[in-house]
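Please keep the sequence and the structure in view while reading.

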Amino acid sequence: MKKIFLPLFLMFWMTGPLWAQKTTKTENIVLITFDGLRWQELFKGADSLMIDDTGMIESSGSLLADYWHPDPMKRREMLFPFFWSTIATQGQIYGNRAFGNRVDNQNKMWFSYPGYNEVLSGFADDERINSNSKINNPNVTFLEYLNQMEEYKGKVMAFGSWDVFPYIINEGRSGIPVNAGFDLAEGDDLTDVEKTVNRMQQEIRGPWGGVRLDPFTHHFAMEGIKKYKPKVIYIAYGETDDWAHGGKYDQYIWSARQTDAYIREIWEMIQSDPQYKDKTTMIITTDHGRGTNKSSWKSHGASVHDAGEIWMMAIGPDTPALGEMKNQGQWQSAMVARTIFQLLGMDYPNEKAAPAIKEMFR
């Protein structure tokens with residue numbers, strides 16, 4: 001009897017702590033990035049200096065009816081109705097520097113590839129990630145770590161508007177399917193929606209060579225969630241940054257408003273599906289900030305003052321509903337990776353990663 005009891009006791013003692021680690025309700029993760037969206041628009045709405053500047057919009061007065069109010073609190077609700085209704089009441093929003101609530105890039109590059117590497121891997125790598133070139137990321141992202149685990153293998157997907165994402169996620173090494181740039185949905189079992197989006201993407205190229213319009217990214221992602229039921233999904237919208245580089249403030253604002261609507265659609269779909277409802281945390285952030293005046297607003301990078309100032313938000317079953325965070329402190333986009341692992345009840349495998357955001361846990 002003792003010979004049987006001892007192995008059973010040891011097995012329970014060894015596995016018990018592992019079971020005890022999982023105290024969170026989160027089973028699925030949706031990470032969304034919103035390329036180059038300033039914290040100023042998020043927290044104050046459309047910029048009063050640019051909303052009707054004829055040098056930055058196509059038609060005078062075109063933004064006023066839908067996006068202008070003298071009260072910046074009203075303006076931000078007009079621009080981001082989902083963020084300021086649902087996430088502000090059921091989740092958390094970080095980065096309003098008026099309260100000393102600061103979110104910044106850890107990297108000092110302040111442009112896209114370094115920003116995305118930081119969010120996905122948990123740390124800056126300014127020595128090796130210092131351009132937007134199509135080089136495979138030498139760092140392992142949280143997506144790749146998860147895809148190596150039995151529970152998540154084949155259940156991690158990524159969709160992005162920019163054609164560099166297959167390299168940022170290192171699609172070949174990680175084994176994670178990445179639909180980005182002008183990639184089409186592939187396979188012998190394409191849905192009618194996938195076939196339609198494939199066709200439309202080939203017929204509507206958009207104004208940029210390496211970045212597709214966000215509706216294609218969004219609808220590929222929506223259909224991917226419905227079809228494959230991934231446990232972890234990363235969606236990277238890109239239009240806001242490209243319109244800003246072109247100095248088109250009206251397009252930037254319209255795209256920002258549409259992305260808010262896209263994110264609402266994703267959240268409502270998640271909350272209507274038993275696999276995801278009340279078991280999914282959604283985190284939203286950006287890769288970098290941008291300049292603050294009419295000239296520097298078009299740009300970002302180390303030479304642009306304040307372009308490392310960013311924001312983040314979260315909503316899910318483990319995140320206290322604290323709304324707009326007004327406590328003073330410093331957060332970084334590098335903290336997202338470890339936070340995601342802890343929400344899933346695990347320690348992050350790479351000790352270099354920034355600490356988790358403790359406020360996002362009950």
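In which loop is the place of aspartate 306? Aspartate 306 sits in the loop between strand 7 (280–285) and strand 8 (309–310).

## Model and confidence

The structure is a predicted model. The protein chain has an average pLDDT of 94, and 94% of the residues score at least 70. Residues 1–20 have a pLDDT below 50, and beyond near neighbours in sequence this stretch has three contacts in the model. Where pLDDT is low, the predicted coordinates should not be read in detail.

Aspartate 306 is not a glycine, yet its phi is positive, at about 75 degrees. Its relative accessible area is 22%, so aspartate 306 counts as partly exposed, the limit for buried being under 20%.

Asparagine 170 is also a residue other than glycine with a positive phi, in this case near 55 degrees. Asparagine 170 belongs to the loop between helix 8 (165–168) and helix 9 (171–174). With a relative accessible area of 7%, asparagine 170 is buried, because that value falls under the 20% limit.

In soluble globular proteins, nonpolar side chains tend to be buried together. Here the largest nonpolar core has 104 residues, and the members that touch the most others are Phe83, Phe142, Tyr234 and Tyr249. Helix 13 (residues 249–271) gives the most to this core, with ten residues.

Beyond its neighbours within four places in sequence, phenylalanine 83 is in contact with Phe34, Leu42, Ala88, Ile93, Asp260, Ile263, Ile284 and Met313.

## Isoleucine 253

Isoleucine 253 lies in helix 13. Its relative accessibility is 0%, so isoleucine 253 counts as buried. Its contacts, apart from neighbours within four places in sequence, are Glu41, Ala46, Leu63, Tyr67 and Leu79. Between isoleucine 253 and phenylalanine 111 there are 142 residues of separation in sequence and 20 Å in space, C-alpha to C-alpha.

## Cavity

Rolling a probe the size of a water molecule over the atoms shows where empty space is left. The count of cavities of 30 Å³ or more is one. The largest cavity holds about 40 Å³ of space.

Which residues line the largest cavity? The lining consists of Asn28, Ile29, Val30, Ile225, Pro230, Lys231, Ile233, Ile270 and Tyr276. Strand 1 (residues 28–34) gives the most to this lining, with three residues. By class, the lining of the largest cavity has seven nonpolar residues, one polar and one charged.

The largest pocket contains about 390 Å³ of space. Elements that give two or more residues to its lining are strand 4 (156–160), strand 5 (178–180) and helix 11 (214–228).

The lining of the largest pocket has 20 residues, and those nearest its centre are Met157, Phe159, Pro177, Asn179 and Glu186. This lining divides into eleven nonpolar, three polar and six charged residues.

Notes
Residues are numbered from 1 along each chain as its sequence is written. This is a predicted model: local features need pLDDT of at least 70, side-chain atom pairs count only at pLDDT 80 or more; totals for chains, interfaces and linings use all residues. Side-chain values use heavy atoms; hydrogens and water are left out. A nonpolar core is a set of buried Ala, Val, Leu, Ile, Met, Phe, Trp, Tyr and Cys residues joined through side-chain atoms within 4.5 Å. Buried means under 20% relative accessible area, exposed over 50%, partly exposed in between (1.4 Å probe, protein chains only). Helices (H or I, at least four residues) and strands (E, at least two) are DSSP runs, numbered from the N terminus. Contact means heavy atoms within 4.5 Å. On a 1 Å grid over the protein atoms alone, a cavity is a set of points where a 1.4 Å probe fits but cannot get out, and a pocket is an open set with protein on both sides within 12 Å along at least five of seven lines; lining residues have an atom within 4 Å of a point. Grid points are joined across faces, edges and corners, and a volume is the space filled by probe spheres set on the points. Ala, Val, Leu, Ile, Met, Phe, Trp, Tyr, Cys and Pro count as nonpolar, Asp, Glu, Lys and Arg as charged, and the others, Gly among them, as polar. pLDDT is the predictor's confidence in each residue, from 0 to 100.
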